[in-house]
Amino acid sequence: MLTTPAPMALAKITLENFRNHAASQLADTAHFNLLVGENGAGKTNVLEAISLLSPGRGLRRASLGDVALRTSTDAPPGAFAIGASLIEQGQTSARIGTYTQSERPTRRLVRINGADASASALSEWHAVSWLTPAMDGLFTDSAGARRRFIDRMALAIEPGHAKAVSQLETALRERNRLLEERGDARWLDAIEAQVAQHGGAVAKTRSRLIAMLADELSALPPEPFARPTLTYRPGGPMDAAELLAELARARPRDRGAGRALVGPHRDELEVVMASSGQPAASCSTGEQKAMLIAITLAHGVLAASGRPSVLLLDEVAAHLDPVRRTELFRRLRGGGAQVWMTGTELAPFADIQGEAAIWRVSGGTLERI
């Protein structure tokens, strides 16, 4: 079996006490990496572990106390550890890891090259993107879900975006509190300056991302994946000074509403099918899936430009017809991202078996095929 290493790869991946993996290791990785096994075997758990080697809560958005392996359902949360070597051009460039400790199981810790680091620092080393079945309802979900989708994609392009989003959310909560308590106007002035500063940065990053995705999507062939048209609808002024002035004017209205009614926290991503102009939310399930894959592939190209990138695809191939599967593999083969995929059987991956690293997953154990 050919397992030529990717220009960039995660290798020597270890999972300790994570979900149903007591002690699992994945070595000799490749550009394509396949995890095959029955439902519930622990395939997605591996992808989730890899997703936690980036800022945020991972592809399931789970609480840290829920991911550590427990000896029984009533046992207290334990500690877990995830580690990987970052390989570039055949050489180890970094060893990255994230873990918890049993005495503080809800506090996430990160180490990079043996030194303590912040979770946001992981994005400086590589980008991680994913597509899971849970995301199939994105276009019919809430605007908040789509904002999180935008922000995760933006983080893969601009590592500092996560910090700006966190600072914006903190400042908005403080403004809401001050409005409710009718706090000192000078404190409101100060906190609104923070909302405007961080909000302007968040909005501009989101806008740039959508523009870049639109350009990349326009260069992709319209078939076999439906081509979507993306439009960014800001929830307020994108300029910090204009947003600051609007927040000051809106204080009486926002006090009555109990929240800010203008700002990036009300942004929206609108998606329509390019060929028909029909909103994505009104398209068929298959069309929505095709558009989501098209966006994921376009983002994968952007994320892999200039720095290492990993793409996690959970149960994608099984839901595509042979034509779309072949095209998916063709595009992934030509991309710069290392690809991790899951499936219940090998048949859908026949086109890439000869070039993939493959593990059979069973009951939280891994066997190299």
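Biologist: Let's start with the sheet: how many bridges join strand β3 to strand β12?

Modeller: Happy to, and keep in mind that this is a predicted model. Strand β3 covers residues 32–36 and strand β12 covers residues 338–343, and the two run parallel. Within this pairing, Val36 stands opposite Gly343 in β12. The number of bridges joining β3 to β12 is five.

Biologist: Thanks! Which strands stand at the edges of the open sheet of six strands?

Modeller: The order is β8-β11-β12-β3-β13-β14, and the pairing is mixed. Neighbouring strands of this sheet are turned against each other by 20 degrees on average, direction ignored. Each edge strand has a single partner strand, so one side of each is left without a neighbour in the sheet. Those edge strands are β8 (127–131) and β14 (365–368).

Biologist: Which helix lies across β8 and β11?

Modeller: Look for a helix running at about 170 degrees to β8. Strand β11, which it also lies across, spans 309–313. The helix covers residues 285–303 and is α8.

Biologist: Now to the helix pairs. Are α5 and α6 oblique or roughly parallel to each other?

Modeller: Helix α5 (residues 185–219) and helix α6 (residues 240–249) have axes that come within 8 Å and cross at roughly 140 degrees. The crossing is right-handed. Roughly parallel would need an angle under 35 degrees. The two helices are therefore oblique.

Biologist: How do the residues of the contact of α5 with α6 divide into nonpolar, polar and charged?

Modeller: On the α5 side, the contact is made by Glu192, Ala193, Val195, Ala196, Gln197, Gly199 and Gly200. From α6 come Ala240, Leu243, Leu244, Leu247 and Ala248. The division is eight nonpolar, three polar and one charged.

Biologist: And which residues of α4 make the contact with α3?

Modeller: The axes of helix α3 (residues 143–157) and helix α4 (residues 161–181) come within 8 Å and cross at roughly 140 degrees, which makes α3 oblique to α4. From α3, the contact uses Asp151, Ala154 and Leu155. Taken together, the contact residues are four nonpolar, one polar and one charged. Those from α4 are His161, Ala162 and Val165.

Biologist: Good. Which residues form the covered face of strand β10?

Modeller: Strand β10 (residues 268–273) is joined by six bridges to strand β9 (residues 228–233), and the two run antiparallel. In that pairing, Pro228 stands opposite Met273. The uncovered face of β10 holds Glu268, Glu270 and Val272. Its covered face is made up of Leu269, Val271 and Met273.

Biologist: Is Lys12 buried or exposed?

Modeller: Lys12 is found in strand β1 (residues 8–18). Its phi is positive, about 50 degrees, although it is not a glycine. Arg19, in the loop between β1 and β2 (21–26), also has a positive phi, near 50 degrees. With a relative accessible area of 51%, Lys12 is exposed.

Biologist: One last stop: what separates the C-alpha atoms of Glu355 and Pro279?

Modeller: Glu355 has its place in the loop between β12 and β13 (356–362). Because its relative accessibility is 24%, Glu355 counts as partly exposed. Along the chain, Glu355 and Pro279 are 76 residues apart. The separation of their C-alpha atoms is 38 Å.

Technical notes. Residues are numbered from 1 along each chain as its sequence is written. This is a predicted model: local features need pLDDT of at least 70, side-chain atom pairs count only at pLDDT 80 or more; totals for chains, interfaces and linings use all residues. Side-chain values use heavy atoms; hydrogens and water are left out. Axes are lines fitted to C-alpha atoms, for helices over the stretch in contact, and angles run from 0 to 180 degrees between N-to-C directions. Helices (H or I, at least four residues) and strands (E, at least two) are DSSP runs, numbered from the N terminus. Angles under 35 degrees count as roughly parallel, over 145 as roughly antiparallel, 65 to 115 as roughly perpendicular and the rest as oblique. A crossing is left-handed if the near helix is turned anticlockwise from the far one by less than a right angle, and right-handed if clockwise. Contact means heavy atoms within 4.5 Å. Ala, Val, Leu, Ile, Met, Phe, Trp, Tyr, Cys and Pro count as nonpolar, Asp, Glu, Lys and Arg as charged, and the others, Gly among them, as polar. Two strands pair if DSSP finds at least two bridges between them. Buried means under 20% relative accessible area, exposed over 50%, partly exposed in between (1.4 Å probe, protein chains only).
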